[in-house]
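Subject: A structure for you to explore

Hi there,

Here is the structure I promised to pass on. Please have a look at it first, and then read my notes.

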Amino acid sequence: MKELKKILFSIFCLFVFSFGVNAATCNDKDLNEWAENVYIDYDEDLGVADEKGNILRKKEYSYLLFIYPYNKNIKVMARNNHTNKDIEIEYDDLYGTNVLGSYVHMDSKTYTFSFYGGKNSACPGVLLKSLEYTVPPYNIFSQREYCINNPSDDICKTYSNDMKDVTDKEFGRLVKNAEKQHELENMNFIQKVWYYIKKNWYFAVIPVVLVAAFYAIKIHLYKKKVDNE
């Protein structure tokens, strides 16, 4: 009798385990293919205007994260390491996909996105995939005059790990180097040649001076030797 109970219990456990595995698995080909290709895209929130300059949406956040490609049969949940609260990422008509906005943060912010089958999908409530996306800390120098005029420079990225420990003095040095680089990029060939000659003149002059001095000494010694004879 005890053996029979053990067998029945084992069958029951196997059934429950199998049911749990199946319940967490989605066999829908389209949803699985979408999960394989889904990605997160980042962009600064600059607001949206139409071709005539009419404001369709004012700037509200510091940046936006977009879920691509959009799938109406997917439910997107996200949390970040600052708040650790799960929120659902809604569809945005203006951008045509699920969009998450964030305000300025001075430390790195890591998001965990979880993608579930939607209630009308073939796999409602099933976790299809999780993705992490980290946004670096805010770059306080991104609003300096140089960066406003040169927003595409590496030192001017709105969020950057490379700039988090940079001092004002170091930033000034980086700006000077960047300005020299911009100046050089705008020179024609002749201007670049003359620039490098002026910059590195000593590499050309010093060898000539040394060679001339060597031969001058050698000639002097030779003449002295001839005079002594």
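Predicted model: local features only at pLDDT ≥ 70, side-chain atom pairs only at ≥ 80, totals over all residues.

Residues are numbered from 1 along each chain as its sequence is written, and side-chain values use heavy atoms, leaving out hydrogens and water.

The mean pLDDT (the predictor's confidence in each residue, from 0 to 100) is 82 for the protein, and 70% of its residues reach 70 or more. Residues 4–23 have pLDDT below 50, and beyond near neighbours in sequence this stretch makes 1 contact in the model (heavy atoms within 4.5 Å).

Now to the rings. The whole structure holds 11 aromatic pairs (Phe, Tyr or Trp rings, using the six-membered ring of Trp, with centres within 6.5 Å; planes under 30 degrees apart are stacked, over 60 edge-to-face, the rest tilted). Y39 and Y68 have ring centres 5.9 Å apart and planes at 40°, so this pair is tilted. The pair links distant parts of the chain, as Y39 lies in strand 1 (residues 39–44) and Y68 in strand 4 (residues 63–68), 29 residues apart (strands are DSSP runs of E, at least two residues, numbered from the N terminus). Y68 also pairs with F66, and these two are stacked, at 6.0 Å centre to centre and 15° between the planes. Together, Y39, F66, Y68 and Y95 form one aromatic cluster.

Enjoy exploring!

Technical notes
Helix = DSSP H or I, 4+ residues; strand = E, 2+ residues; numbered from the N terminus.
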